[in-house]
Amino acid sequence: MFVGHIACALYLRKAFGSMVPVWILVAGVSFCDFLFVIFALTGVETFTLNDESIGLHKLRLTYAPISHGLTSCLMMSCALIMWGLLRMEGKMRSSKVDTSLIPFALALAVPSHWFCDYIVHDEDLHLGFAHSASYGLGLWRYGLVAPALEISMVGLGVYMLYRSEKSWTLQFGALLVAVQLVTEIVARSPIMVVENQAVLLLATLAGYSSLLLSAYKITAGK
């Protein structure tokens, strides 16, 4: 999944409001893929490309329990919750109550990545850290169903936020839809086959980094 992850940032923005900047939520929901790029480039985690598949379905994780393991995601979530609680306790002792909800929003944003990927990935998502059984519903196998779902998720997020934050939601939503369409066209093009995994990883890093920067600029740091 790609922009479907960013759609979750929109849902969390609706839930937490302006206390949590949009770009921080975008960073949270895409954090697992940032980790994956780093670990895959260094050989800690691995993946393959299946030439018999089309689109994003070509990608199959072979070992990615740190970036895309449910246990790892939940551990990061617990650490974020502890950070938030300790931060609140420290502020209360100093008589300056910090109402920031950022750690708690991120505690939901990070594991949302695994659950979104579970919908589209084949059975290549780990629960723990060992080479054990993997899981995934495999929606990528069904042609354009997966990208249609992701675009629908973005549309729902824009609809939820438009009344209260119309200054940026349509522009950001249109950008996400455009990115999804371009990604699908490139991934399905026979002339755009990338055999070098490093190139693919760096392209992924560039894509998420561009979305993060766009989120910051379009929302003016809100």
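Modeller: Asp33 is buried yet forms no salt bridge. Its nearest side chain of opposite charge, Arg60, is 15 Å away. Keep in mind that this is a predicted model.

Colleague: Where does Asp33 lie, and in which helix?

Modeller: Asp33 belongs to helix H2, residues 22-41.

Colleague: Which residues is Asp33 in contact with, leaving aside neighbours within four places in sequence?

Modeller: Met1, His5, His68, His113 and Tyr208.

Colleague: How do I read a nonpolar core? Which residues touch the most other members?

Modeller: A nonpolar core joins buried residues through side-chain atoms within 4.5 Å. The largest one here has 55 residues. Ile6, Val26, Phe36, Trp168, Phe172 and Leu176 touch the most other members. H1, H2, H3, H4, H5, H6 and H7 each supply at least two residues of this core. H2 gives the largest share, 12 residues.

Colleague: What does Phe36 touch beyond four places in sequence?

Modeller: Its partners include Phe47, Leu61, Ala64 and Leu201. His68 is also among them. His68 is in contact with Asp33 too.

Colleague: Now Leu41. Is this residue buried, partly exposed or exposed?

Modeller: Buried means under 20% relative accessible area, and exposed means over 50%. Leu41 has 43%, so it is partly exposed. This residue is also found in H2.

Colleague: What is Leu41 in contact with, leaving aside neighbours within four places in sequence?

Modeller: Ala198, Leu201 and Leu202. Leu41 and Leu201 are 160 residues apart along the chain, yet their C-alpha atoms are separated by 7.4 Å. Leu201 is touched by Phe36 as well.

Notes:
Residues numbered from 1 in each chain as written. Predicted model: local features only at pLDDT ≥ 70, side-chain atom pairs only at ≥ 80, totals over all residues. Heavy atoms only, no water. Helix = DSSP H or I, 4+ residues; strand = E, 2+ residues; numbered from the N terminus. Buried < 20%, exposed > 50% of the residue type's maximum accessible area, 1.4 Å probe, protein only. Lys, Arg positive; Asp, Glu negative; His and termini not counted. Salt bridge = Lys/Arg side-chain N within 4 Å of Asp/Glu carboxyl O. Contact = heavy atoms within 4.5 Å.
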